[in-house]
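Subject: Handing over a structure

Hello,

I am passing this structure on to you. Please open it and keep it beside this note as you read.

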Amino acid sequence: MKQILLIVLLFFTFISFSQNSKFSLELNYPLPIDDNLIGRNNNGIVDAGLKYSFSNLRLLNIGASLNAGIYKNSKDDRVQPFDVTTYLIQPKIFAELNIKSLTSLHPSIGLGYTFLSANVSDITSFNMGNNASVSSSETESGINFNLGLAYDISKKLFVQAQYDFVKIGVDEDAPDIKYNTNINLFKIGLGYRL
């Protein structure tokens with residue numbers, strides 16, 4: 001435990017002495033919206049992200065980011081007799097607008113890819129005549145479009161809201177309909193510039 005505290009202390013000491021860092025960390029609460037396979041069946045748990053701004057132009061900051069989110073649905077929340085945990089990994093390229101008259105406001109747009117992994121557990125196998133528990137996993141992926149708006153509370157701390165639209169491909173076993181292919185997420189959270 002002492003080693004973890006020492007590492008955290010060294011990390012924050014390094015951060016406090018660094019100037020003009022191009023990195024930022026963010027922690028969001030994800031809200032699945034719309035009538036789709038994520039929005040209807042899952043509750044957002046957490047979404048964490050890391051951004052790196054590799055080009056600071058006069059009007060735009062251009063960079064890359066990586067977000068990871070966890071969504072959960074318990075068998076207690078619905079009729080199906082199983083639990084589902086869904087993980088989303090979202091790498092993307094973004095452009096953040098610099099507005100001279102509103103230096104604290106940062107609208108952004110991003111384009112990337114989303115990897116979705118749904119893990120089903122505690123499946124009761126009624127067909128086998130017993131209550132054995134079985135697990136299953138499925139992975140999908142697709143293009144991600146992101147709109148965001150950040151507001152600076154201080155030089156280091158900011159609040160933000162983001163909207164993600166994800167268009168995933170489906171297996172030949174699943175119908176190619178909006179419910180299975182379109183995912184809409186709204187995220188609100190805090191960010192910290194390192």
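Two points on the basis come first. This is a predicted model, in which local features need pLDDT of at least 70 and side-chain atom pairs count only at pLDDT 80 or more, while totals for chains, interfaces and linings use all residues. Residues are numbered from 1 along each chain as its sequence is written, and side-chain values use heavy atoms, with hydrogens and water left out.

The whole chain

The protein chain has 2 helices and 8 strands. Both kinds are DSSP runs numbered from the N terminus: helices are H or I with at least four residues, strands are E with at least two. From the N terminus on, the order is α-β-β-β-β-β-β-β-α-β.

The protein chain has 194 residues, and 34% of them count as buried. Buried means under 20% relative accessible area, exposed means over 50%, and partly exposed is in between (1.4 Å probe, protein chains only). The chain exposes about 11,700 Å², with carbon and sulfur atoms supplying 65% of it. Those areas come from the Shrake-Rupley method with a 1.4 Å probe; for residues, only the protein chains shown count as cover.

Take contacts between residues at least 6 apart in sequence: 60% of them join residues at least 24 apart. A contact here means heavy atoms within 4.5 Å.

Strand β8 and its partners

Strand β8 covers residues 182-193, and G189 lies in it. Which strands pair with β8? One is β1 (residues 23-33), antiparallel to β8 over 10 bridges. Another is β7 (residues 157-168), also antiparallel, joined to β8 by 11 bridges. Two strands pair if DSSP finds at least two bridges between them.

Is G189 buried or exposed? G189 is buried, because its relative accessibility is 17%. Beyond its neighbours within four places in sequence, G189 touches L27, N28, F158, V159 and Q160. G189 and V46 are 143 residues apart along the chain, yet their C-alpha atoms are separated by 9.7 Å.

Salt bridges

How many salt bridges are there? The count is 4. The rule asks for a side-chain nitrogen of Lys or Arg within 4 Å of a carboxyl oxygen of Asp or Glu. In general, side chains of opposite charge can pair when their charged atoms come close.

D47 and K187 form one of them, at 3.3 Å from N to O. D47 is in strand β2 (residues 43-56) and K187 is in β8, 140 residues apart. D47 is buried at 0% relative accessible area. K187 is buried too, also at 0%.

K187 has a salt bridge with D164 as well, with the closest N and O atoms 2.8 Å apart. This pair links D164 in β7 with K187 in β8, 23 residues apart. Shared partners join D47, D164 and K187 into one network of salt bridges. D164 counts as buried, at 0% relative accessibility.

R193 pairs with D152, with the closest N and O atoms 2.8 Å apart. R193 lies in β8 and D152 in β6 (residues 133-152), so the pair ties together parts that are 41 residues apart in sequence. R193 is partly exposed at 22% relative accessible area. D152 is buried at 15%.

The nonpolar core

Which residues make up the largest nonpolar core? There are 8 in all: I38, Y71, L88, L116, V166, I168, I183 and L185. β7 and β8 each supply at least two residues of this core. Such a core is a set of buried Ala, Val, Leu, Ile, Met, Phe, Trp, Tyr and Cys residues joined through side-chain atoms within 4.5 Å.

Aromatic pairs

The count of aromatic pairs is 2. One is F23 with Y52, a tilted pair: 4.8 Å centre to centre, with 45° between the planes. F23 lies in β1 and Y52 in β2, so the pair ties together parts 29 residues apart in sequence. Rings of Phe, Tyr and Trp (its six-membered ring) pair if their centres lie within 6.5 Å; planes under 30 degrees apart count as stacked, over 60 as edge-to-face, and the rest as tilted. F23 is partly exposed, at 35% relative accessible area. Y52 is partly exposed at 33%.

Best wishes
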